[in-house]
Amino acid sequence: MSNNVIGRAPAFSLAPSRARRRRRLFPYLLIAPSVVLLVAVTIFPLFFALKSSFYFWNLQMGPKPLGFIGFGNYRMALTSAVFMASVVNTLVLTVSGTVLEVFFGLMIALLLCHALPGMSVARALLIMPTTIAPIVVGFLFRYMYDPTGGLIPWLLAKAGVPIPRTGLLGSGLTALPSILFADMWQWTPFCAIVLYAALLSVPPHVIEAARLDGASAWTILRRIRLPLIRKTLSFVVMLRFMQLFNTFDLVLVLTRGGPGSSTRTLGYTLYQQGLVDFNIGLASAMTWIIVIMVNALIGLYVVFVFRDWE
Amino acid sequence: MASLGFKDVSKRFHDGTLALANVDLEVAHGEFMVLVGPSGCGKTTLLRSAAGLEEITSGEIRLGGRVVTDVDPSERDVAMVFQNYALYPHMTVRQNLAFGLEQRRLPGAEIAKRVAATAGTLGLERLLDRKPAALSGGQRQRVAMGRAIVREPACFLMDEPLSNLDANLRVQMRSELKLLNARLGVTTLYVTHDQVEAMTMGDRVAVLSPVSRPEDHNLQQCAPPAELYNSPANLFVAGFIGSPAMNFVRARIERGGNGPELLISGLPSPLRAGGRVAALKPRLERWLNRPVILGIRPEFFSLAAPGEGDLDVDVVMVEMTGADGYLHFELPIPPGPVETGLAEETVPHRHKQVTARVEPKLLPRAGTRAGLTIDLARAHFFDPDTGVAIR
Amino acid sequence: MRRKKLLLRTGLIYAGLILVLLVFIGPILWFALLAIRPSETVFAIPPVIFFTPSPAAFQSTFVDPGANRHQLVNSLIVAGGAVLLNLPFSFPAAYALSRFRMRGGKNMMLWYLGLLMAPPVAFLIPYFVLVSRIGLRGTYLAMILIMQTITIPFSVWLMKSFIDEVPVELEEAARVDGAKWPRVIARITLPLVRPGMIVTSMFAFVFSWNNAAFPLVLSNQRTATLPIGTLGYFATAGATWTFIGAAATAAMLPPMIIFLVLDRYVARGLTFGSLKG
């Protein structure tokens with residue numbers, strides 16, 4: 001009963017039956033609960049904020065919004081020196097923090113790559129700062145920065161480094177860098193561990209081939225290892241950027257935005273406006289300005305870096 | 001036990017790749033049907049669609065007369081043996097075997113009876129309480145088979161179940177599978193990429209090729225192994241079945257002094273056996289002065305003294321496998337237009353390598369000159385445009 | 001000569017390692033010591049390393065009057081509750097994203113990730129207003145609910161990577177064997193993905209435990225979590241550092257222990273499952 005090859009006209013096409021349609025919907029049904037929950041808890045409040053942003057509403061003056069003012073809140077936010085200072089501070093903190101943390105993290109990761117006895121213990125210990133709650137890191141550094149007897153001013157003085165009279169956290173010049181340092185202390189190990197794991201995944205044969213080709217360690221790093229861990233590197237940069245942008249806990253504990261507004265970050269300013277001064281309308285406008293900013297920044301980043309991602 | 005039928009089955013994947021096109025195939029009651037073909041020919045896709053693990057884009061699948069095209073895999077009453085066995089790692093062998101029966105809500109006593117019987121058939125009695133991780137590759141393969149057998153399904157579907165075994169075990173399991181099938185008599189659809197396996201195991205073998213256009217057909221030929229070997233329907237089947245592969249050379253039938261002569265491309269003059277070509281006359285009637293493709297299996301050659309056979313060749317290389325000897329020579333290719341269509345893969349290059357089978361004792365040395373005779377009565381002829389065999 | 005170079009190199013590596021550990025572990029130890037310092041050594045100059053430990057701080061904070069004890073419990077309730085609520089929502093989503101090709105599946109993942117983008121404070125304010133209106137202010141439920149904005153996206157990503165590791169063939173074999181979807185997931189997928197779920201839950205617990213912004217705004221005296229309670233020790237006059245040390249050490253310990261236990265999964269957990277090893 002052999003068949004010949006000569007072609008036949010294709011037959012009817014099957015309309016999707018009910019069973020098939022049900023099967024296709026199944027995954028969406030599985031995802032639905034979590035999406036609904038998240039939408040309820042995030043999108044809904046955000047739209048509420050959108051609506052509120054067009055009203056003058058201060059809880060200290062009354063429980064209800066007091067009047068429609070269109071883009072008044074937005075104008076106030078964008079012309080407010082404090083808000084603008086927050087934007088600048090946040091960007092400075094975010095960019096420098098991301099760069100420094102990834103850089104030092106990479107250096108430490110390279111150090112960890114040497115398979116020597118005790119390395120796994122070192123790695124397990126190294127992640128400890130990252131496990132601490134950011135607010136507790138704030139407590140820790142407030143203790144260490146204390147002008148009267150903190151460890152850090154004492155060490156710096158011993159090393160001959162001049163310290164402002166008002167303390168590291170009390171001077172407009174050193175306050176933001178001090179916060180940056182605290183964040184770096186907490187998150188550089190994170191970058192180190194993650195980049196170390198990524199470096200491990202570079203096939204050793206490739207490195208051996210390069211070594212036989214006569215490449216120096218620096219060349220191997222630059223032209224083989226870094227390109228091969230590009231995906232993880234981008235991911236780490238994005239994660240740190242996002243988290244640094246939202247710096248809040250540290251500012252709350254260490255400086256409360258001072259001195260002046262030298263350490264006000266967007267997160268803290270938002271908190272101040274909405275939950276301390278209870279100026280809901282203005283805070284809502286600020287919320288949306290921030291949300292748009294963040295999404296634009298990350299959107300650009302994702303488009304450029306994750307074009308070929310899974 | 002039931003028959004399995006595919007009618008006009010087509011499948012296009014989400015990313016646009018066309019896996020199956022216009023597949024028509026009937027597997028009879030109790031038949032052991034092998035699907036064979038190169039990677040990407042759709043054999044695994046076809047198998048999985050029989051199981052219900054892939055949805056087909058159009059067409060119909062019938063099992064025992066019942067249309068099952070949209071029926072969930074859990075309700076088709078088929079059993080599948082996966083290439084990597086897919087044994088449940090967190091369950092013992094016994095639990096693995098019992099799982100399918102539990103889903104059918106069989107009473108515990110019946111389940112225990114069947115599990116014991118199957119374990120006995122496959123020699124798994126002592127392994128029943130072990131977990132898959134504690135089994136060897138061969139043992140795991142048996143458990144995978146056992147899981148299918150114990151269900152007494154309408155149909156077995158096997159996806160290259162032997163390809164992960166080492167060579168010796170594979171040969172041994174091949175015969176065991178065949179014996180098992182003879183005993184159980186269950187309709188079986190078996191996928192493999194190994195044509196030797198296909199030829200030794202199948203009652204009938206379906207040769208599939210990859211498709212790219214909706215009007216193509218995956219199925220090239222479906223026939224008992226002997227028929228595939230001796231009467232291939234087209235170039236694809238002829239070139240796929242048989243190892244070493246069939247040699248394809250371009251040729252022309254020409255009118256000579258004594259009747260039609262066969263001029264092989266690259267040879268200066270027609271074959272000296274004009275008489276034999278005349279005997280083939282009936283089927284080559286319409287091909288006078290037209291190009292054809294000549295298919296010669298290595299065993300169709302026989303050694304002759306130089307000058308006495310059909311052609312003299314320079315021996316490029318010889319191989320010896322112990323029982324067989326192979327002689328490789330080259331035919332020069334004159335420049336000319338390249339044929340398109342199914343024959344494309346077999347279009348000869350600048351120098352065409354040809355393999356002839358020879359008695360090991362008579363194997364000449366490389367670099368010497370040898371004479372060869374071709375058994376034209378057994379040779380195959382193919383239409384260069386469509387690849388179809390000329391009968 | 002080569003041997004000497006190797007020894008020098010090893011020595012330098014160890015030196016670098018020790019330096020790194022000193023920088024990153026040192027401050028933790030220094031801070032934890034606060035909990036057992038006698039108060040006069042807190043800011044002594046030059047810093048006092050050797051002293052007779054005093055249990056006074058721990059006693060005050062957790063035993064008598066034990067103001068922080070119920071906050072410790074609150075932290076447990078909020079973090080534990082967040083994890084429990086999170087599981088039934090994120091597992092199905094992770095499963096769907098892992099097993100099915102969904103139109104917009106990739107976008108869904110990015111949206112989940114994007115939720116972690118906006119400052120938590122951004123949802124906090126409207127959420128706070130809404131919650132106050134319904135009268136849920138200060139409740140555990142309010143905190144547990146908003147914690148989902150962190151736990152669900154993270155869990156979905158991480159759990160998806162664990163589900164990806166369970167071979168699809170096992171589920172296919174079960175389906176051919178006659179099991180329908182719910183049973184396939186219950187008897188095949190879940191048992192095999194259980195370790196992954198535990199790992200995911202433990203990470204989610206840590207992130208919830210460490211979160212301060214939400215409880216800061218949404219809790220009251222009764223439901224304050226440990227870090228928030230600790231804030232109370234910073235008065236205008238000065239801070240009771242030993243108490244702060246004690247409370248903070250208690251807050252630091254659970255996440256540290258969890259990370260030590262989960263050491264194998266740390267890289268994977270921190271990159272939300274996108275990196276193995």
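# A tour of chains B, C and A

Of the 391 residues in chain B, 42% count as buried. The model is predicted, and the tour starts with this chain.

**Stop 1: chain B as a whole.** Ten helices and 19 strands make up its secondary structure. Along the principal axes, its C-alpha trace spans about 80 × 45 × 35 Å. Of the contacts in chain B between residues at least 6 apart in sequence, 69% join residues that are at least 24 apart.

**Stop 2: the six-stranded sheet.** Next, find the open sheet of chain B, whose six strands run in the order 6-7-8-3-9-10 with mixed pairing. Its edges are strand 6 (78-81) and strand 10 (219-223) of chain B, each of which pairs on one side only. With direction ignored, neighbouring strands in this sheet are turned by 15° against each other on average.

**Stop 3: strand 3 and its neighbours.** Select residues 32-36 of chain B, which form strand 3. On one side, strand 3 of chain B pairs with strand 9 (residues 204-208) of chain B, in the parallel sense and over four bridges. Strand 8 (residues 187-192) of chain B is also a parallel partner of strand 3, this time over five bridges.

Which residue stands opposite Met33(B) in strand 9 of chain B? Arg204(B) does. In strand 8 of chain B, the bridge partner of Met33(B) is Leu189(B).

Is strand 3 of chain B mostly covered or mostly uncovered? It is mostly covered, with five of its five residues buried. In a regular strand, side chains alternate between the two faces of the sheet. To follow this in strand 3 of chain B, colour Phe32(B), Val34(B) and Val36(B), which lie on one side, and then Met33(B) and Leu35(B), which lie on the other. Both faces are covered, and these residues are all buried.

**Stop 4: helix 1 of chain B.** Move on to residues 43-51 of chain B, which form helix 1. This helix is mostly covered too, since eight of its nine residues are buried. Among the buried ones are Leu46(B), Leu47(B), Ala50(B) and Ala51(B). Lys43(B) and Arg48(B) are on the buried list as well, as are Thr45(B) and Ser49(B).

**Stop 5: chain C.** Hide chain B and select chain C. How many helices and strands does chain C have? There are twelve helices and zero strands. Its C-alpha atoms fill a box of roughly 75 × 75 × 30 Å along the principal axes. The radius of gyration of chain C is 23 Å, whereas a compact globule of 277 residues would have one near 19 Å. Buried residues account for 50% of chain C. Of its contacts between residues at least 6 apart in sequence, 75% join residues at least 24 apart.

**Stop 6: where chain C meets chain A.** Bring chain A back into view. Here 75 residues of chain C are in contact with 72 residues of chain A. On the chain C side, helix 1 (residues 2-33) gives the most, with twelve residues. Coloured by residue class, the side of chain C that touches chain A shows 63 nonpolar, eleven polar and one charged residue.

**Stop 7: the two domains of chain A.** Finally, colour residues 1-52 of chain A as domain 1 and residues 73-304 as domain 2. The C-alpha centres of these two domains of chain A lie 41 Å apart.

Key:
Residues are numbered from 1 along each chain as its sequence is written. Chains are lettered from A and ligands numbered from 1 in the order in which they are written. This is a predicted model: local features need pLDDT of at least 70, side-chain atom pairs count only at pLDDT 80 or more; totals for chains, interfaces and linings use all residues. A residue is buried if 20 or more other C-beta atoms lie within 10 Å of its own, exposed if 12 or fewer, and partly exposed in between; C-beta atoms are placed from the backbone. Helices (H or I, at least four residues) and strands (E, at least two) are DSSP runs, numbered from the N terminus. The radius of gyration is taken over C-alpha atoms; the globule rule is 2.2 Å times the number of residues to the power 0.38. Two residues are in contact if their C-beta atoms, placed from the backbone, lie within 7 Å. Domain bounds come from an automatic or database domain assignment. Ala, Val, Leu, Ile, Met, Phe, Trp, Tyr, Cys and Pro count as nonpolar, Asp, Glu, Lys and Arg as charged, and the others, Gly among them, as polar. Two strands pair if DSSP finds at least two bridges between them. Axes are lines fitted to C-alpha atoms, for helices over the stretch in contact, and angles run from 0 to 180 degrees between N-to-C directions.
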